[in-house]
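Here are some friendly notes to read alongside the structure. Keep the 3D view open and follow the points one at a time.

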Amino acid sequence: LQTVAALLSMQARHAEYSGWTLPLQEAVARVQSIAAVHNLLSRDNVTSAPISSIAKHVVDEASINVVPPGVRIHFDVTTTTIEASSRQATILALLINECVVNAIEHGFAGRDHGTVSVQTDRDDGVICVVIEDDGAGLKDDFDLDRHSKLGLRIAHTLATSDLKGSFALTQAPGGGARSVIRFPATI
């Protein structure tokens, strides 16, 4: 996976058409997120991992691969002992990556700073992961079903089909966007 990410990154740097750079960087972030979770799980041959560790690895990769030069984004990942199974961990890495990349690309477009937070909670066997930013927020008429591009369609499919849960994207209470991933705990 590291080799694939390196090849995609090299291709992004040398893209002849500037429109290819961003999609290639997004692909690098996706692959790096999966690789980071794989490394996390294979260190001690574990079958689960703390969701906050997964999120920390994902935001570290996103900050390297997606944050534009000159933009300062503070990532706040709340530490928790809530764990996800190895299968859930890989899916969560992709989901968190999509939400973080969307915040960087859309929420902070034209800005030089911002904050993205990731929080996890568990209640009655349901895990809830909330990714929130203080960016521009969503358009007033935003509808996830009508306005979804590829990344959001991927997120919705991963949450509903693979995690057997739900995915929602709404306006955050203080401005910005809020993504909520809910799924049954299997651990």
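How many of the eight residues of strand 5 (residues 126-133) are buried? Point 4 comes back to this; please keep in mind throughout that the model is predicted.

1. **The overall layout.** Let's begin with the parts list. The protein has six helices and seven strands. Starting at the N terminus, the elements follow the order α-α-β-α-β-β-α-β-β-α-α-β-β. The protein has 187 residues, and 47% of them count as buried. Among contacts with a separation of 6 or more, 68% are between residues 24 or more positions apart.

2. Next, look for the open sheet of five strands, whose order is 2-4-5-7-6 and whose pairing is mixed. Strand 2 (72-77) and strand 6 (166-171) are at the edges with a single partner strand each, so one side of each has no neighbour in the sheet. From one strand to the next, the twist averages 15°. As a reminder, strands of a sheet pair through backbone hydrogen bonds, and the pairing can be parallel or antiparallel.

3. Strand 2 pairs with strand 4 (residues 113-123) in the parallel sense, over six bridges. To find this pairing on screen, look for Val 77, which stands opposite Val 118 in strand 4. Moving on, strand 4 and strand 5 run antiparallel and are joined by eight bridges. Here Thr 120 has Val 129 of strand 5 as its bridge partner. Strands 4 and 5 form a hairpin with two residues between them, and Asp 124 in the turn has a positive phi of about 50°.

4. **Strand 5.** Now for the opening question: six of the eight residues of strand 5 are buried, so this strand is mostly covered. Besides its pairing with strand 4, strand 5 pairs with strand 7 (residues 177-184). That pairing is antiparallel and has seven bridges. Ile 131 stands opposite Ser 179 in strand 7.

5. Phe 167 stands opposite Ile 181 in strand 7. These two strands also form a hairpin, with five residues between them. Have a look at Gly 175 in the turn, which has a positive phi of about 100°.

6. Turn now to helix 3 (residues 51-65) and helix 4 (residues 86-107), whose axes come within 9 Å and cross at roughly 45°. Helix 3 and helix 4 are therefore oblique to each other. The crossing is right-handed. On the helix 3 side, the contact is made by Ile 51, Ile 54, Ala 55, Val 58, Val 59 and Ala 62. Helix 4 contributes Ala 89, Leu 92, Ala 93, Ile 96, Asn 97, Val 100 and Ile 104. What kinds of residue make up this contact of helix 3 with helix 4? The residues divide into 12 nonpolar, one polar and no charged.

7. **A leucine to check.** Finally, find Leu 150 in helix 6 (residues 150-162). Is Leu 150 buried or exposed? Its relative accessibility is 52%, and residues over 50% are called exposed, so Leu 150 counts as exposed. Leu 150 and Glu 98 are 52 residues apart in sequence, and their C-alpha atoms are 9.8 Å apart in space.

Note on methods. Residues are numbered from 1 along each chain as its sequence is written. This is a predicted model: local features need pLDDT of at least 70, side-chain atom pairs count only at pLDDT 80 or more; totals for chains, interfaces and linings use all residues. Side-chain values use heavy atoms; hydrogens and water are left out. Axes are lines fitted to C-alpha atoms, for helices over the stretch in contact, and angles run from 0 to 180 degrees between N-to-C directions. Helices (H or I, at least four residues) and strands (E, at least two) are DSSP runs, numbered from the N terminus. Angles under 35 degrees count as roughly parallel, over 145 as roughly antiparallel, 65 to 115 as roughly perpendicular and the rest as oblique. A crossing is left-handed if the near helix is turned anticlockwise from the far one by less than a right angle, and right-handed if clockwise. Contact means heavy atoms within 4.5 Å. Ala, Val, Leu, Ile, Met, Phe, Trp, Tyr, Cys and Pro count as nonpolar, Asp, Glu, Lys and Arg as charged, and the others, Gly among them, as polar. Two strands pair if DSSP finds at least two bridges between them. Buried means under 20% relative accessible area, exposed over 50%, partly exposed in between (1.4 Å probe, protein chains only).
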